[in-house]
Amino acid sequence: MATNPRASDRAYATLREEILHGSLAPGAVLAEVEQSSRLGISRTPLREALARLAADGLVEQLSGRGLVVASVSPDAIRALFELREALETTAVALAAARGDRELFARLVDEFADAESLVAEHRIDDYYALVARFDDAIDESIDNPYLVTALRGVRTHLQRLRRLAQDDPARLVRAAAEHRLIAEAIRDRDADLARHATHVHLRASLRRISTDPHLHQKGTE
């Protein structure tokens with residue numbers, strides 16, 4: 001059967017969403033016959049979709065089991081945050097030099113109100129605010145290569161957030177950390193932006209490294 005690019009794209013988008021949102025858990029076997037039947041496509045476009053997911057780091061080959069949803073190990077989390085720190089400290093420094101000060105001033109105000117989002121259990125709105133902050137940085141740095149790398153890292157961060165258990169107290173502290181970064185960018189203070197990002201990422205790593213809910217899922 002001829003390859004159907006649209007079928008491959010649809011399969012990729014569906015499986016990626018299921019992996020990022022946790023409905024396909026770490027270690028879940030992605031058997032070709034089962035998945036092609038479930039998705040209503042032939043095995044050729046499915047294989048293409050799985051190859052793309054493997055390139056994203058969301059699918060891995062496991063001896064004796066075939067292709068499975070990638071695990072979330074402590075070593076993988078550490079490596080991800082090492083890369084994240086290198087990329088994000090560079091990005092915020094560039095944003096401080098090149099960004100729209102009024103845009104980041106508005107984000108400062110939004111993060112000042114983020115505690116109420118957590119208190120009202122509007123967690124999706126909270127993460128939407130974080131996404132707007134990320135988008136503002138991407139738009140500011142004027143570096144498509146760096147933006148591509150950042151978005152690759154964020155794919156895995158989104159998955160970690162879904163697998164972990166939300167800690168309201170940590171979200172409130174993270175909002176304050178984001179606000180300080182936004183203030184530094186607004187004020188054109190690249191050194192403070194880098195330092196505040198370093199502190200934020202180290203706190204986030206400590207939190208996620210000790211989440212028993214996440215590691216239980218990651219080792220199933």
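1. Let's start with a term: a cavity, on a 1 Å grid over the protein atoms alone, is a set of points where a 1.4 Å probe fits but cannot get out. A pocket is an open set with protein on both sides within 12 Å along at least five of seven lines, and lining residues have an atom within 4 Å of a point. For volumes, grid points are joined across faces, edges and corners, and the space filled by probe spheres set on the points is what counts. With that in hand, the largest cavity here has a volume of about 370 Å³.

2. Some ground rules before going on. This is a predicted model, where local features need pLDDT of at least 70, side-chain atom pairs count only at pLDDT 80 or more, and totals for chains, interfaces and linings use all residues. Residues are numbered from 1 along each chain as its sequence is written, and side-chain values use heavy atoms, with hydrogens and water left out.

3. How far can you trust the model? pLDDT is the predictor's confidence in each residue, from 0 to 100. The protein chain averages 91, and 94% of the residues score at least 70. Confidence is highest in H5, at 97, and lowest in helix H11 (residues 212-218), at a mean of 56. Where pLDDT is low, the predicted coordinates should not be read in detail. By the way, helices are DSSP runs (H or I, at least four residues), numbered from the N terminus.

4. Back to the cavities: the structure holds 2 of 30 Å³ or more. What lines the largest cavity? There are 21 lining residues, and the closest to its centre are Tyr127, Arg161, Leu171, Ser204 and Ile208. H4, H7, H8, helix H9 (168-186) and helix H10 (190-209) are the elements that give two or more residues to this lining. By class, the lining has 10 nonpolar, 4 polar and 7 charged residues. Here Ala, Val, Leu, Ile, Met, Phe, Trp, Tyr, Cys and Pro count as nonpolar, Asp, Glu, Lys and Arg as charged, and the others, Gly among them, as polar.

5. The second largest cavity holds about 140 Å³ of space. Its lining has 16 residues, with Arg84, Glu88, Phe133, Asp134 and His178 nearest the centre. H4, H7, H8, H9 and H10 each supply at least two of the lining residues. The classes split into 8 nonpolar, 3 polar and 5 charged.

6. The largest pocket has about 370 Å³ of space. It is lined by 14 residues, and Tyr127, Ala131, Gln158, Arg161 and Arg162 are the closest to its centre. Which element gives the most to this lining? That is H7, with 7 residues. Its lining is made of 5 nonpolar, 1 polar and 8 charged residues.

7. The second largest pocket comes in at about 180 Å³. Among its lining residues are Gly57, Ser71, Ile77, His156 and Leu160. Helix H4 (74-98) and H8 are the elements giving two or more residues to that lining. Sorted by class, there are 6 nonpolar, 4 polar and 1 charged.

8. Rings of Phe, Tyr and Trp (its six-membered ring) pair if their centres lie within 6.5 Å; planes under 30 degrees apart count as stacked, over 60 as edge-to-face and the rest as tilted. The whole structure has 3 aromatic pairs. One of them, phenylalanine 104 with phenylalanine 133, is edge-to-face, at 6.3 Å centre to centre and 85 degrees between the planes. That pair links distant parts of the chain, since phenylalanine 104 sits in helix H5 (residues 101-112) and phenylalanine 133 in helix H7 (residues 123-141), 29 residues apart. Phenylalanine 104 and phenylalanine 133 are both buried, where buried means under 20% relative accessible area, exposed over 50% and partly exposed in between (1.4 Å probe, protein chains only). Ring pairs also join Phe104, Phe111 and Phe133 into a cluster.

9. Why is the pair of tyrosine 126 and tyrosine 127 edge-to-face? Because the planes of the two rings lie at 80 degrees, with the centres 5.4 Å apart. Tyrosine 126 counts as buried because its relative accessibility is 2%, whereas tyrosine 127, at 23%, counts as partly exposed.
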